[in-house]
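Q: Can you walk me through this one? I'd like pockets and salt bridges.

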Amino acid sequence: MPKTTARARAYKTLDLHGLDALLHALVEQNYRLIGPCVREGVIVYDDIAGVDDLPAGAFDEQDTATYRLIKTDKPSLFGYTISPQSWKRYLFPPEVKLWQADRTGSSITIGTNSDDPGERTKPFAFIGVRPCEVRAIAIQDRVFINQTYADPVYKSRREDAFILAVNCTRPGKTCFCASMDAGPQVTDGCDLALTEVLDEDRHYFVVEVHSDRGAAIMEGIPQRNTSAEEQKNASGLLHAAAQNMGRAVKTKGLRDLLNHSHDHPQWDSVASRCLSCANCTMVCPTCFCSTVEDVTDLSGDHAERWRKWDSCFMLDSSYIFGGSVRATSKSRYRQWLTHKMATWNDQFDSMGCVGCGRCIAWCPAGIDITAEIRAIQESEPADATRKK
């Protein structure tokens, strides 16, 4: 995890050559670069080798149940808003083999899991992590490694990961990170944070050093001290982004409201539209439900146990002896939203939503979490069903 001392928190300016040198410095220090790139018409996070692999000129348009990537003639490397993927697929993989067993004669051998740190020789360097995603990683840290029992898979992938964050200067129509105090500017939780500035004559990156590890990697990189004008330009872009969020959520009093809205009629309304497809939880950067599956070969001599992503929208997720606790779409959506925005505080001292807007863009039924919250808030004074 990033550590900060007095030599951090400096501002430096890089040009395109300097940014490429920074990425190559990370490679030379044995990091595996994971960054944004275009695959089959969308922005994904995948292995990259340098600046040439970043999605120059790619802009996305996102709205309710809508995602479209467009190509522009602007040379912006981080001009898109956010990828459909989140970084959790690298820290909390969709599938991971926990162990395997092999029988030979009368003896059984138990094998190590497929995610043994000894099998991975390179730590991750995440390139282009948005502020909302940095916050999401911090939330998953609380879930997986800051509790009584740490998850060994997550911990081994997370503890050496280098995070190069990118402040958001182009929020989308589905974004509300400013409401959740998770953007558009990174405040902590990364090693370096850059702001891309592109005007008619110049293309540069204002880099804020957040950790000793970030300061060390910057040594030897072509750079200069950030001028007052450059700092002002970067700050202006972030201020404008905060004022141009596509959506907003009023969080004051929301926790108590949701905790007392168990019988609100809005749950029936959303249940009539929700498909229980779990798309919202799959794209969510903080959801952490999982299940385990045991498989054997036909001979019965080889068995494996796998951990896989699961969702509270699945009927089996709440299955106990005798049936599922949450048997209806109404109860499952209520569980998901109330957990995100209310009871998550009781478990982890924060909300479980960072305002990235993915659940809005990727819901095939067009359900908008901000609209569902607003409907409950606006009806609250006249809501006779609310239990005090």
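A: Below we go through its pockets and then its salt bridges.

Q: What should I know first?
A: This is a predicted model, where local features need pLDDT of at least 70, side-chain atom pairs count only at pLDDT 80 or more, and totals for chains, interfaces and linings use all residues. Residues are numbered from 1 along each chain as its sequence is written, and side-chain values use heavy atoms, with hydrogens and water left out.

Q: How much space lies in the largest pocket?
A: About 300 Å³. A pocket here is an open set of points on a 1 Å grid over the protein atoms alone, where a 1.4 Å probe fits, with protein on both sides within 12 Å along at least five of seven lines. The volume is the space filled by probe spheres set on the points, which are joined across faces, edges and corners.

Q: Which residues lie nearest its centre?
A: Ser76, Thr169, Glu196, Leu198 and Leu237, out of 16 lining residues in the largest pocket. Lining residues have an atom within 4 Å of a point.

Q: Which elements give two or more residues to that lining?
A: Strand 10 (192–198) and helix 6 (228–243). Helices (H or I, at least four residues) and strands (E, at least two) are DSSP runs, numbered from the N terminus.

Q: And the second largest pocket, what is its volume?
A: About 210 Å³. The second largest pocket is lined by 19 residues, with Cys287, Phe288, Cys289, Cys312 and His339 nearest its centre. Helix 10 gives the most to this lining, with 5 residues.

Q: Switching to salt bridges. How many are there?
A: The count is 20. The rule asks for a side-chain nitrogen of Lys or Arg within 4 Å of a carboxyl oxygen of Asp or Glu.

Q: Which partner does Arg247 have?
A: Asp63, with the closest N and O atoms 3.6 Å apart. Arg247 lies in the loop between helix 6 and helix 7 (254–259) and Asp63 in strand 4 (residues 58–63), so the pair ties together parts 184 residues apart in sequence. Asp63, Arg247 and Asp368 are linked in a network of salt bridges.

Q: Is Arg247 buried or exposed?
A: Buried, at 16% relative accessibility. Asp63 is partly exposed at 26%. Buried means under 20% relative accessible area, exposed over 50%, and partly exposed in between (1.4 Å probe, protein chains only).

Q: What about Arg273, which residue does it bridge to?
A: Glu372, at 2.9 Å between the closest N and O atoms. Glu372 is buried at 5%, while Arg273 is partly exposed at 30%.
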